[in-house]
Amino acid sequence: MRYILLFLSTALCLSSNAQQVYGSISIGEQLIIEGDQAAFSKTNAYLQISTPWLWSYDFISFKRLTNFDLSFGYLMNNNLGIELTSTYLKPSNSEVFANYVTKTLSGNFFRINPKIVVNLNLNKFQFYSKVGFIIGAGQIRYNQYFQNDGTMNVSAENESLVYLYNGGTSYGFNTSIGFSKKVSKKIYVYTEINAVSQNFSPTKGKTIEHKIDGQDVLTNNMKPYTNEIEFCNDQEFVPFTADNANPQKLYKHAYSLGGYGLTIGVKFILWKK
């Protein structure tokens, strides 16, 4: 930490009259690199639809996402600056089909990303690199839908079960290299190649929808054990329990939001000295 402070202090002392404050907006696409974490087991019949079994190994991961960024930065001199970016992340829905059940994973995430910027000016062009750390949060929606094709001897023709996973803070880091071109006195267009390392591990879950043949059955059974999840380092390998006052425990799992992406955007010079 003291070396970082020394580096920034030296940069401030070397500041020239080429200081500037800027803002930017951008959009990007990212390919998500999946982690090596194994699928986790679900044991409670209320937490899944898997007729006629009461347990299954189940894991769906995100494959890619779109990011929307709003940034503000300060260049202390021609070559060094700092930047703060707020980002909304929208992963593409992931879907798998097995044992008559369609399982869909969707999510919404936000992150704050302070960075150090190293810049190289070449007349109307700029080449730069950025490195920073990430603080994020969000939620995941896990939807299961069962449709009987007429071959299963079950009482329901269709059933839907939807969970919302949230809680916890996500940390990570990212780096990027970019190129920008001046198109007017105060406007630049740019493109960046990004590398991100970030996982999201929800700490709790809750049933938000349970329907059988289109009829709501969630309100008939609102006990914490059958409708709530606590993600932790332990798991209860029992399908039913007399302790209905506490959520069922399932293993904590990390959903990857990291990978490689491409971003394009517009930068506006707000103030220049």
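Helices (H or I, at least four residues) and strands (E, at least two) are DSSP runs, numbered from the N terminus. The structure is a predicted model, in which local features need pLDDT of at least 70 and side-chain atom pairs count only at pLDDT 80 or more, while totals for chains, interfaces and linings use all residues. Residues are numbered from 1 along each chain as its sequence is written, and side-chain values use heavy atoms, with hydrogens and water left out.

The mean pLDDT (the predictor's confidence in each residue, from 0 to 100) of the chain is 85, and 83% of the residues score at least 70.

Most residues other than glycine have a negative phi. Asn 123, in the loop between β7 (101–122) and β8 (125–147), has a positive phi, near 60°. Asn 123 is exposed, with a relative accessible area of 73%; buried means under 20% relative accessible area, exposed over 50%, and partly exposed in between (1.4 Å probe, protein chains only). A positive phi, near 50°, is also found at Asp 213, which lies in the loop between β12 (204–212) and β13 (215–216). Asp 213 is partly exposed, its relative accessible area being 37%.
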